Amino acid sequence: MRTAFINTLMQLAGEDERIFLLTGDLGFTVFENFRKQYPERFLNIGVAEQNMVGIASGLALSGKIVFIYSIVPFLTMRPFEQIRNDVCYHNLNMKMIGVGGGYSYGVNGPTHHALEDIAAMKALHNMSIICPGDPLEVKGAVKAIAATNGPFYLRLGKSSEPIIHPRPFLFKIGKGIMVKNGKDATIISTGNMLENAMLAANMLKQKAVDVRVISMHTVKPLDRSIILKAAKETGIIVTLEEHSVMSGLGSSVAEVLTESDIPKVLFKKIAAPDAFAKMVGSQKYLREAAGLSVKAIADAVIKLFNKRAKVKKKL
Amino acid sequence: MTLEIKKLKQRAAIIRREIIKMSYRARHGHIGSALSTVDILTALYFKILSINPKRPKADNRDRFILSKGHAASALYVVLAQRGFFDSKLLENYLVDGSVFAAHPSFYGIPGIELSTGSLGHGLSVAVGMALAAKYDKKKCRVFVILSDGECDEGSTWEAAMSASQFRLDNLTVIVDYNELQAFGKTKEVMDLEPFVDKWKSFNFSVQEVNGHNMSQIINSLKKVPFKKGKPSVIIAHTVKGKGVSFMENKLEWHYNVMSEKQFTLAMEELQ
């Protein structure tokens, strides 16, 4: 995802001289080419994220389109108030690029895990949040946010994520993408859980459960219509995210459903627990421990599917 | 004293009276903090800054950030006096539904470059503006007033370090060093000394002035950058509440609201 990001940004920077890239001393083996090609528009601010956000704000107030980059907690939480006052209050053209969504930084431990960032960023006025599901979505997202005025938080995984989309698609901010159609249940996934969502859907196909998969890359503003349509048509909604169960995508979808008048929708949030990881582990290990494995997802869908079948039988 | 300096001093006196009137009418504090910055703001807006009140967003304008946003009343009066908007509008200071809050907002007030109020933000944003000006090869300069209290903020020093790293000689910091912060003397709360040495060690070129001596302020501001390739800082030694005897050097005038008697007395002293 990092590679998809920087390659797209390189291209955009060639077309638009207003684009700046700021980093908090990160980007080894990622940003060297950008630095070489656009040395005046690449600024390493050092290990000083509050200052990075402030400087980005000054540049944006002077008409620049500013991308800032760091590992998610250092990007979103250390300078939270600068993001709130300088960026969001002034509605500046600043794009925060967070690397390491969820447990991407696995064995680096909880200081580097990103499980509360969507909740934190969601609370900010004027902030839009995009969590691409695969490198193709990253490409679409980077182009879209560069072309759209205002603050954005782009939450990336790390490196070597697979391409998931089986066919070309149009990336539109605030519009979820139906990656796979289905009639029995819907998995609404955000970020790099899309891979597991698709694997779970394929696993369920063998059990004759036809699952729809939606990549909800934009968490804010949320695509209500695709949620409501899926609720009406499939009756089962399962949300999936590599983020704390507190105030992530699942909470937002739950709000949409409870405020709607669609009766008898079965709903389940699959997300990381509201807890720091208790043990050391790779991303794969920590996902499994957190109940985010393909099997756990498939089991959750089956459970709701059987529950609904039972209710239908009674009627 | 030259005629020009005399006129600037007269202007500062008018501004002080307007601040007192506004604050009395609004029954609001922060008066000491506002009075402390008046002479510096007057020097900037009536002599130093290259600005056009008729074109507040002009591309090549000098930028000014009041990082100590709690002195907003002083900035409002200065902007009105300089012609950015009608002074009459300031009757709405802190009135429900108006744009004039106790901390300045970017929205709805011509001439405000940055909404401030939370301390430790202004210098970083100023660094960004100075970088943009350098990149665009514009002649515009960036000035920022910091309070002494906000030099407790780590972010202020992150910004200072980066200003010299990027050789921003188009950036000038003025510290309103009245030695009183929100809950005590700076010396007792969080001592900034050796203050000049701190800035020097962050690779700024430093001058010290009496922040109420108009000639000194002007002379110093005229000379920036003090050194090519380096950001400048002016440590302005000031008096909190300057101009009103019962407010001078008194911590409580960070908060107090004037009684009718105090208002009359203050206005008499500022004649």
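This is a predicted model: local features need pLDDT of at least 70, side-chain atom pairs count only at pLDDT 80 or more; totals for chains, interfaces and linings use all residues.
A crossing of two helices is called right-handed if the near helix is turned clockwise from the far one by less than a right angle.

**Entry 1: α1 and α8 of chain B**

I started with α1(B) and its neighbour α8(B), which covers residues 214–222. I got an angle of about 110 degrees, with the axes 10 Å apart. Angles from 65 to 115 degrees count as roughly perpendicular, and α1(B) and α8(B) are therefore roughly perpendicular to each other. The way α1(B) passes α8(B) is a right-handed crossing.

Next I looked up who touches whom. From α1(B) come B:Ile5, B:Leu8 and B:Lys9, and they meet B:Met214, B:Ser215 and B:Ile218 of α8(B). Sorted by type, this contact has four nonpolar residues, one polar and one charged.

**Entry 2: α1 and α3 of chain B**

I stayed with α1(B), residues 3–26, and turned to α3(B), residues 72–82. Here the axes come within 9 Å and cross at roughly 125 degrees. That angle makes α1(B) oblique to α3(B). This crossing is right-handed too.

On the α1(B) side I noted B:Arg11, B:Ile14, B:Ile15, B:Glu18, B:Ile19, B:Met22 and B:Ser23. Their partners in α3(B) are B:Ser73, B:Ala74, B:Val77, B:Val78 and B:Gln81. I sorted this contact as well: seven nonpolar, three polar and two charged residues.

**Entry 3: where the chains touch**

Then I checked the contact between the chains. Chain B puts in 17 residues and chain A puts in 20. Which elements of chain B give two or more residues to the side that touches chain A? They are α4(B), residues 122–135, and α5(B), residues 154–165. α4(B) gives the most, with nine residues. By type, chain B's side splits into nine nonpolar, seven polar and one charged.

Last, I moved to α10(A), residues 249–259. Which of its residues are buried? I found A:Leu249, A:Gly250, A:Ser252 and A:Val253. Looking down the axis of α10(A), I saw these buried residues fall within an arc of 165 degrees, so they line one face of the helix. On the other side, A:Glu255, A:Thr258 and A:Glu259 are exposed.

I also wanted to know what covers the buried residues of α10(A). The cover includes two helices of chain A, α6 (117–122) and α9 (224–234). Strands β8 (185–189), β10 (218–220), β11 (236–244) and β12 (266–272) of chain A are also among the covering elements.

Definitions and conventions
Residues are numbered from 1 along each chain as its sequence is written. Chains are lettered from A and ligands numbered from 1 in the order in which they are written. Two residues are in contact if their C-beta atoms, placed from the backbone, lie within 7 Å. Helices (H or I, at least four residues) and strands (E, at least two) are DSSP runs, numbered from the N terminus. Ala, Val, Leu, Ile, Met, Phe, Trp, Tyr, Cys and Pro count as nonpolar, Asp, Glu, Lys and Arg as charged, and the others, Gly among them, as polar. A residue is buried if 20 or more other C-beta atoms lie within 10 Å of its own, exposed if 12 or fewer, and partly exposed in between; C-beta atoms are placed from the backbone. The arc is that of the directions from the helix axis to the C-beta atoms. Axes are lines fitted to C-alpha atoms, for helices over the stretch in contact, and angles run from 0 to 180 degrees between N-to-C directions. Angles under 35 degrees count as roughly parallel, over 145 as roughly antiparallel, 65 to 115 as roughly perpendicular and the rest as oblique.
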